[in-house]
Amino acid sequence: MESGRRTLLKSLFAAAGALAMPAALRPSSLWAAPLAKVREAGVLRVGLYTDNRPWSWDDSGKPAGIDADLARALAESLGLRADIALFIADEEVSDDLRNVVWRGGLLGFQPCDVMLHVPFDRTLMQQEDNVVFMAPYYRESFGAACSPDAGNCEVVPAQFKGHPIAAELDSIPDFYLLGHAGGVLTRDLVHKRTGYEAISALGTGEADFAVASRAQIEAAMADAPEAGIQKRHGPLPMMLSPGWDIGIAVKENSRSLGFALEDEMNAMIADGRMAALFSRHGVNWQPALASQSAA
Amino acid sequence: MKRRFSHFLAGLAAATALVAAPAQADHHGPTSSDLMNDAASAGDVLSYGMGPWQQRFSGLDALNSDNVSKLVPVFAASLGGEKQRGQEAQPLVYDGTIYVTGSYSRLFAFDARTGEKKWEYTARLPDGIMPCCDVVNRGAAIHGEKIIFATLDARLIALNRETGKVIWNKKTADYQEGYSATAAPLIVKDMVITGNSGGEFGVVGAVQARNVDTGELVWERPVIEGHMGTLNGAPNGMTGKLNATWEGDLWKTGGGATWLGGTYDPGTNLLYFGTGNPAPWNSHLRPGDNLYTSSTLAIDADTGVIKWHYQTTPHDGWDFDGVNEFIPFDATMNGKPMKLGAKADRNGYFYVLDRTNGKLLGAHKFVMQTTWADGINLKTGRPNYIGEGRPGAPNGAEKGKVVFSSPSFLGGKNWMPMAYSQDTGLFYIPSNDWGMDIWNEPIAYKKGAAYLGAGFTIKPIADDHIGALRAMDPKTGKIVWEYKNAAPLWGGVLTTKGNLVFTGTPEGYLKAFDAKTGTELWKFQTGSGVVGSPVTWEQDGEQYVAVMSGWGGAVPLWGGEVAKTFKDISQGGMLWVFKLPK
C-alpha cells in the first residue's frame, strides 16, 4: 500500500516533461546543482551511525559494514571518492537528520551529502520537510535467536524465565522483553549496547535467548559460525513492531543527487550486486516493502 | 630595631611554611579556607553561588532599594566570534579580574576596572559531539594560581589564571559514551568536586573528587545502587544495596546524572548533590523507586561515602530529575535553632530538610499546578501520587492516551539557581508555570531502527505569564510575593543586604526588586536574553553588579505555544558590569 513519496515525485517530473516547461520556469530547488557540486568536489560525504553493526561501525579507525560498503560503491559509481563520516546517534532520527543532513552539528560537524540507513516511513516524511527520503533498499524487522544449548527456540519467550536473556538497551526488543507476559522476564534481562552484541552473547554462554533485528541476528551468526547460535524461525508473539523500510536521506534541495544515487541503487538491486554486498556480511538482502508496491 | 624584628618574623614564617607545606610556597591566590569564607568577603566573588552554601546572598548594602534606580553600566565586554547561544555562566571576581565562562567551552579574563580582555581560552572540542541541550557552561572555580572549568567533551581543565595557559587537563568521562559537563566545579579541602552529565541511555551519575593541584582522582561515588565507589584507587563500598529498588540489570544503566554540581556545608563536612532522572525514560519498564535517582545525596567530603539521601520523586516518570541545588541555611523552626537546607525541585515542590540527617521538615508547592502529586506526606516523606497523572506504558499498536502533566519536563524550576536572604529569611525562586501534553508515539525511530518514543507539546497554563520569580518563606511555605514574566525565566538570582533581589529575563532585562515587597525598582536592557547568574562585589570603595547576557539554553530547543514568548529574541554573548554613578 505504501506508494512512497518517490513515486509521487516521479509523476510530477513526468508531467513537467510532458509540458516541456522551459528550464527557466522550472522550480529551481528541484533542479539545484548539488549533484554537479558533488562531482566538482570529487567527494561524496556520507553520514553513517558509528555503532550500528553490521550496518556501520568503526573498525580500528576504518568505517566498516554493509552501509560503509554501500557508500563506497555509490561513490565509485559516480566517479567520486567516499568520505564516510561516522556519527553518534542522538535521541531520535529527526535529531540525526538535523545534525547530519540539513544543518550540521553545533560544534563544527559538517553536513553530509547523504545519510544512509534512514527509516523510509510516511509519517516520518511528513514531519521532516528539510530532507527528502529516497531509495528504500532493505526491509528490516525484529526476530530472535538462542544459544546452542537452549533447546527449542520456537517456544514463547516466557519459557526462558530463569535464563539470561539479552537485548540492546532502550530498544524495542528491550521494551518487548521487559513487558512480555506481565514482566516475568524483567529480572533475567542482560542489557547490551547493540543488538549485534546481544546475539553474540548467545555464543559465549552469556545468554540463552536474545531479541534483535534480523540483520543483527544473521550477521552475528555468520561472524561466529562455530558458536552454534540458533535462529528462531517463527515470529515473536505480540511483537511491538511489524518491521520497517530503510532508505536514504538528502537535503531538500539535493534531489538531483538523491535521484542519481537512487538510480544506482536500483541498478545494484536489479543485477544482484546489492544482495551480494549484503551476503558478504552474512545478511540475506530483503527488498523494501515500498519498492515492491511501487514496482 | 622594629624593622629588623619584623624581618626576623617574616623569615621565620617563610621557613615554617617551607617545612609545613612546601607545595604551597609558590602559590598565590585564594586558598581553600578563603573559598569557605567567600560569602563574608565583600571584595571578591571566588566561587559559584558566592560561598560553599551557595546562598547567593551578599552582605553589601551601599547599593540598596533606595538608590538602585540610579544604577548604570560601567562597561560591557563581548565574548566575540560567531559562537553565541546560551550564556548561563556566573562571573568570578578576584584581584582586579573578572573571569567568566562562555558557550562552547570558553573561558575569558577581563580587567574588572576597564573591561579590557586579558586573555581567552577556547577548548578544542571534537566536532563529533552533539550536545543534547545547547552548548552552555555555568561557571569556573578559582584556587591558588588556577582557574578550573569543565568542557562539553567531559574534561576538566585547570588554567593559570594570569596567563590562560593550561596547567592540567583531565578526561572525567568519555564523551563518545554520551557524557558531557557544563556545571561549575566546587572546590573543597583542596579537591575539585564535580558531577557528570549526559542525556543518553547508559550514563550513570557519579560525583568525583580530584586533587586540585594535579587533577588526579581522589574518590568517586556512583549514585545508582549496586555500583562501587572508590577512594585513593581502592574500592570503597557499594552505593545502596544491589537490586533493592531496581529489577534485573537495569541499575547498570540507571541514569541519575549529577549534571548541576553540588553545594557544601563546612559544619557537617557534607557535600549535597542532586541526581537526575532514571533511565530508561518510560517508568513502566523499571518498577521500583530507582534509588538514588531524582534525589538529594549528602556525601562525606573526605571519603565520598553517602551519609543520607532524600528522594524527591521516587520512580520518576516525568523527567523531573532531582538535580536542583540544595542550599544550607540556619533558622529557628518550631522555636528551635536548626541546621537546615532547602531545594526547589523540578517537580514543583520546595523541600526543607534537616541538613544533618535528611529528615523532611516541610514541602510546599511553589508553582501554580502539580498534576502528578497532591502534596508530600511529611510522615513518610513520599509524594501523594495521582495515578492518572503518570504517562502510560508503550503498547506499540497505536498512539497512547494523551496525559496532561504539570510542571512540564523542563520543570517548575530548571537549572537556574535560587537565592536565600539572611536578611529577609526568604528564598527567591526563579520558577515557571507550564505543562505538557504527553503520549506514547508508536511510530518513532532511533539509530535507524523502530522505537517506541513519547510525543509531547509544552504549553503555558496561565494567560499572562510562564516565568514567575517567587519569594518563599521556608518556615511557612507561604509565597510572600511574586513577579510574573511573559517568557520562561532561565537565569539565576542574587539577593543583597541592601533589600534587593536581582534576576534576568529572556526579554533581555536585568531587573532589581525590593526583597521584602517584590516591587520592581530597576531594569536594564542588555541586548539579548539574560540566562546567567548575577553577582555583586566591592571594588575601590564602590559596589558593582555583573551579569552575562546571551539568550539560549534548553528553552529555545522546544517549540509549540511557549515559543511565541521568545522566538524574536536575538542571540548574544556579553558581560555587563554596573555601579552607581559617583
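Visitor: Where does P407(B) sit?
Guide: This is a predicted model, and in it P407(B) lies in the loop between β27 (403-405) and β28 (419-420) of chain B. The peptide bond that joins S406(B) to P407(B) is cis, with omega at about 0°.

Visitor: Which residues does the other cis bond I spotted, with omega about -10°, join?
Guide: That cis peptide bond links L291(B) and Y292(B). Y292(B) is in the loop between β18 (270-274) and β19 (295-300) of chain B. As a general point, most peptide bonds are trans, and most residues other than glycine have a negative phi.

Visitor: On phi, then: what is the value for K189(B)?
Guide: K189(B) has a positive phi of about 50°, though it is not a glycine. Its place is the loop between β11 (186-188) and β12 (191-194) of chain B.

Visitor: How many C-beta neighbours does K189(B) have inside 10 Å?
Guide: There are 17, so K189(B) counts as partly exposed.

Visitor: And N232(B), buried or exposed?
Guide: N232(B) is exposed, because it has 10 other C-beta atoms within 10 Å. Its phi is positive too, near 50°, and N232(B) is found in the loop between β15 (228-231) and β16 (234-238) of chain B.

Visitor: Changing topic: how many residues does each chain bring to the contact?
Guide: Chain A brings 39 residues and chain B brings 31. On the side of chain A that touches chain B, α6(A) gives the most, with four residues. By class, that side of chain A has 20 nonpolar, 12 polar and seven charged residues.

Visitor: What domains does chain A have?
Guide: The domain assignment gives domain 1 (4-140 + 243-294) and domain 2 (142-231). Nine residues of domain 1 of chain A are in contact with 12 residues of domain 2 of chain A. Those on the domain 1 side divide into three nonpolar, three polar and three charged.

Visitor: Which residues touch the most other members of the largest nonpolar core?
Guide: They are I199(A), A210(A), I248(A), A249(A) and Y428(B), in a core of 249 residues. Strand β7 (residues 131-140) of chain A supplies the largest share of this core, seven residues. At least three residues come from each of domain 1 and domain 2 of chain A.

Visitor: What does Y428(B) touch?
Guide: Leaving aside residues up to four places away in sequence, Y428(B) touches several residues, including M418(B), L469(B) and V501(B).

How values were computed:
Residues numbered from 1 in each chain as written. Chains lettered and ligands numbered in written order. Predicted model: local features only at pLDDT ≥ 70, side-chain atom pairs only at ≥ 80, totals over all residues. Contact = placed C-beta atoms within 7 Å. Helix = DSSP H or I, 4+ residues; strand = E, 2+ residues; numbered from the N terminus. Nonpolar A, V, L, I, M, F, W, Y, C, P; charged D, E, K, R; others polar. Domains from an automatic or database assignment. Core = buried A, V, L, I, M, F, W, Y, C linked by C-beta atoms within 7 Å. Buried ≥ 20, exposed ≤ 12 C-beta atoms within 10 Å, placed from the backbone.
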